[in-house]
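Please consult the sequence and the structure shown below while reading.

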Amino acid sequence: MGQRDLRNQPYNKAYQTAVDLVFLVMACAVGAFSTTAVMLPGGLTSGGLTGIVRIIQNYVSINFSALYYVLAILIWFVVIAILGWKEAKKVLLVTLLYPAVLVFFEYMDFRLLEENDMILAAVFCGIFGGICNGLVFWRGYSFCGTESVAKIIKKKLMPHVDISKILLLLDSSIIIISAFVFGRNIALYALITQFIASRVVDMVMYGFETKIVQLQIITSKNHEVANYIMKDIGRGVSSYDIVGEYTGQRRKQLIVLCSPRESMVIKKYLVDVDPEALVTIMQVNTVWGDGKGFTDIEEEK
């Protein structure tokens, strides 16, 4: 039985990759449609790499998809140089796929809204953008954009600052700069888009559940998995000894509190290093403490 399972592993991995690719193509199509059929015709912008491209495009006569492709590839090479191939590999597929889909949709030159309604455009940009990001994160992948830049800044300049805070600072800076380039109203619409997108991402990944989940992981590679979570994800790990009553085997169970998105990244990692790992994910309503991303207990007095 063990040998048969071992022989099936290449097939299972190929199947998983094919499923990932289908969802990634869907996600990129939704994101590209949002940009080319709603954002650009509506004269809007957003945070992230899309916002950077919109700002640069205001001063150079290069189409959006080509400029996005160039910047994404440049950031990817910087990721290789600073963060290494392991990190670059995580964003390679989306880095190549999304701009290619973007080129196709830009060529189609379709416009969703019949009239120039910026409020509707901002709302639908947020919805479509959230669906795109949510599907990508759900499959354990990410874009090569401001998140990668945030990881670089954390490693080189701010090792003690949480990545989410650096990312918030980057996106906020992009939107503030957009206010000087496109006007304050456009920047305010971008804030609406960003807020809606963040909510839709959570809904796509975990429905209406909380932003914090608890993972209980039983794996034969507990040291390797724990190191990955602490060093790559940046979350703390607790463990305790457990005994399987049927087998009498002793194992360590890892306990992790993280965001839904981070849980998907951990899941993707476990599929590669230990497909037989047992993972339980539970909703957490509130976490008090001074850990990263949690509510300060002093604020709850």
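Which residues of α6 are buried? In this predicted model, they are T146, E147, S148, A150, K151, I152, I153 and K154. Helix α6 spans residues 146–156, and eight of its eleven residues are buried, so the helix is largely enclosed by the rest of the structure.

**Packing of α2 against α3**
- Helix α2 (residues 48–57) and helix α3 (residues 64–83) have axes that come within 10 Å and cross at roughly 125°. Because of that angle, α2 is oblique to α3.
- The crossing of α2 past α3 is right-handed. On the α2 side, the contact is made by L49, T50, I52, V53, R54, I56 and Q57, and on the α3 side by F64, L67, Y68, L71, A72 and I75.
- By residue class, this contact of α2 with α3 comprises ten nonpolar residues, two polar and one charged.

**Nonpolar cores**
- The largest nonpolar core holds 44 residues, of which L49, V53, Y68, V94, Y98, V136 and F143 touch the most other members. At least two residues of this core come from each of α1 (2–42), α2, α3, α4 (85–108), α5 (118–138) and α8 (184–206).
- Apart from neighbours within four places in sequence, V53 is in contact with F64, L67, Y68 and L71.
- A second, separate core has 16 residues, among them V213, A226, I233 and L270.
- As general background, nonpolar side chains tend to be buried together in soluble globular proteins.

Notes: Residues numbered from 1 in each chain as written. Predicted model: local features only at pLDDT ≥ 70, side-chain atom pairs only at ≥ 80, totals over all residues. Heavy atoms only, no water. Axes fitted to C-alpha atoms, helices over the stretch in contact; angles between N-to-C directions. Helix = DSSP H or I, 4+ residues; strand = E, 2+ residues; numbered from the N terminus. Parallel < 35°, antiparallel > 145°, perpendicular 65-115°, else oblique. Left-handed = near helix turned anticlockwise from the far one by under 90°. Contact = heavy atoms within 4.5 Å. Nonpolar A, V, L, I, M, F, W, Y, C, P; charged D, E, K, R; others polar. Core = buried A, V, L, I, M, F, W, Y, C linked by side-chain atoms within 4.5 Å. Buried < 20%, exposed > 50% of the residue type's maximum accessible area, 1.4 Å probe, protein only.
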